[in-house]
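Let's walk through this one together, one question at a time. Have the sequence and the structure open beside you.

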Amino acid sequence: MDAPIIDPLQGDFPEVIEEYLEHGCMKCIAFNRRGTLLAAGCNDGSCIIWDFETRGIAKELRDFDCSSPITSICWSKYGHRILVSAADKSLTLWDVKSGEKIKRIVLQQTPLQARLHPGSSTPSLCLACPVSCAPMIVDLDTGNTTLLKVSVPDIGNGSTAPSRNKSSDGSTPYSPTAACFNKYGSLVYVGNSKGEILIIDYKGNEVRAMVPISGGSVVKSIVFSRSGQYLLTNSNDRIIRVYENLLPLKEEIRALDDLNENLNDLSDVEKLKAVGSKCLNLFCEFQDSITKVHWKAPCFSGDGEWVVGGSASKGEHKIYIWDRAGHLVKILEGPKEALIDLAWHPVRPIIVSVSLAGLVYIWAKDYTENWSAFAPDFKELEENEEYVEREDEFDLIPETEKVKTSDVNEDEEVDIVTVEKDEAFSDSDMSQEELCFLPATPSRDEQQDKCIESFSKLVDSNNSGSPLSEEPGPNGHMNHASSPLEDDAGGTHMKRKRKPSEKGLELQAEKVKKPSKSSKSSKSRSRSFVDQDNGDSLYGDELSDE
């Protein structure tokens, strides 16, 4: 079957629910870097890895020390490890291929989100965002934690502005703070409760720049695009903001040092704001001006061309899709179940969303055929029409067309060795082996267990020493009914009898039938029945094994 002709003018975003995945009650999801594997955290503390090509379960990671719901999942850069955070305040690092637990750390607070360092193939550092304290850098090898700064003191009046995530008596914060690594993990971007984006050098725990957000609303989530060129924030004022990253993707620390040297005449806070204006530039804002809906799990598409956000309203499963210019292009409406998490496939126009009931819905593009998009003069016919062709229309060299000479140099050598890099994976290290698929492990089902059980019973009955039941046959012989084979204990030949079937009798009659005379055929058929009664037919003969 030929592939459908796709209209290139159609939007490259999903439109309909293709299918859904079901296994327990899933709470959060994450794709690996290539989009070939999908990890899902469940309510019972387990982690399911789906093969996204076959839509089958490839691996189940289960920690018997953890039975609390999973709060977040993160893949390492090359897919060899998975970091799982749970509601029991634990962080667990898994080896994906072997399914073995590498490390388990218990924090003082429940981590709502945890992200592995993106710059290493086997990372030992992660960024955790607990529910009631500042984000922290966690060393998974030693268990050491470093709290990051979430606010900047106002040096002008000699006091620190009160943070909205602290109570009046300065006790433990109660509002979670969002944070994420940049593309290569050299900086941490923190969105705090005062409506500010802080750029932090986590190695020295130093705030290098600050970007105030208009309105000063609490930042609920913050995430970079796959390319690292855009930053998205989701604030409590129900507005999704996209910022353009003005820093170079590599050597950001050096670029920040150069900016600080040029602004030495400013005060500390003013300098941080001035540097921040050189780091991030507000690109676009997204909101539903009619319903003023809160947003859940907003993110970028794999190529960064689209922005997607789920409605946080109860009882509805709506996904809003905008282009990067800020235009709403599609609203996807799913079942009457609240949406709790979503993710866009890294390289394909596919969205995966998680419902409150624990089901994972796969949204894909609804392709339609449009031949005229490729041939403007193409005309679709409602019914057959008679067509009269030109006399030379199907000639090998039509007279009405001029033979065009090719400008291609046929003597030029073609390079078939050099492999061009995929733009979506331009930062791949060819020396690192990437884990894209997992070997499938067949699971035993109930039917197989029943067959194995019945077979074992049959073997046991054959090997048992119980007496065989015997009953006389039609000629006075004893037929052994307990087993088809008799063991020759006394050195005699083993004998086996087989009762002929009706089909066998008919085939035997056909073989002995003579085509010359019908009387001979009836005679031979009656003779075969007589032979059967005497036990001398083909299917009634005693078979002896020497």
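Q: What share of the contacts in the protein chain with a separation of 6 or more comes from residues 24 or more positions apart?
A: A contact here means heavy atoms within 4.5 Å. Please keep in mind that this is a predicted model, where local features need pLDDT of at least 70, side-chain atom pairs count only at pLDDT 80 or more, and totals for chains, interfaces and linings use all residues. Residues are numbered from 1 along each chain as its sequence is written, and side-chain values use heavy atoms, with hydrogens and water left out. Among contacts with a separation of 6 or more, the share from residues 24 or more positions apart is 51%.

Q: How many helices and strands are there in the protein chain?
A: Both are DSSP runs numbered from the N terminus, helices being H or I with at least four residues and strands being E with at least two. Counted that way, the protein chain has five helices and 32 strands.

Q: What percentage of the residues in the protein chain is buried?
A: Buried means under 20% relative accessible area, exposed means over 50%, and partly exposed lies in between (1.4 Å probe, protein chains only). Of the 546 residues in the protein chain, the buried ones make up 39%.

Q: Why is strand β24 largely enclosed by the rest of the structure?
A: Strand β24 spans residues 318–323. It is joined by five bridges to β23 (residues 306–311), running antiparallel, and by five bridges to β25 (residues 328–333), also antiparallel.

Q: Which residue in β24 is the bridge partner of Val308?
A: β23 and β24 form a hairpin with six residues between them, and Gly315 in the turn has a positive phi of about 80°. Across the strands, the bridge partner of Val308 in β24 is Ile321.

Q: Which residue takes a positive phi in the hairpin of β24 and β25?
A: Here Trp322 has Leu328 in β25 as its bridge partner. Four residues lie between the strands, and the one with a positive phi, near 105°, is Gly326.

Q: How far from Cys129 is the nearest cysteine sulfur?
A: A disulfide is a pair of cysteine sulfur atoms within 2.5 Å, and by this rule the count comes to zero. Cys129 is in no disulfide, and the nearest cysteine sulfur, that of Cys180, lies at 8.6 Å.

Q: Within what arc do the buried residues of α1 fall?
A: In helix α1 (residues 252–261), the buried residues are Glu252, Ala255, Leu256 and Asn260. Seen down the axis, they line one face of the helix, because their arc (taken from the directions from the helix axis to the C-beta atoms) is within 140°.

Q: Which exposed residues does α1 carry on the face turned away from its buried side?
A: The cover over the buried residues of α1 includes β16 (196–201), β17 (206–212) and α2 (268–279). The face turned away from that buried side carries the exposed residues Arg254 and Glu261.

Q: How far apart in space are Lys103 and Leu93, C-alpha to C-alpha?
A: Lys103 is found in strand β9 (residues 101–106). Leaving out residues up to four places away in sequence, Lys103 touches Leu91, Thr92, Leu93, Leu140 and Asp141. Lys103 and Leu93 are ten residues apart in sequence, and their C-alpha atoms are separated by 5.2 Å.

Q: What is the phi of Ala297, a residue other than glycine?
A: Most residues other than glycine have a negative phi. Ala297 lies in strand β22 (residues 295–300) and counts as partly exposed at 24% relative accessibility. Its phi is positive, near 50°.

Technical notes:
Pairing = 2+ DSSP bridges.
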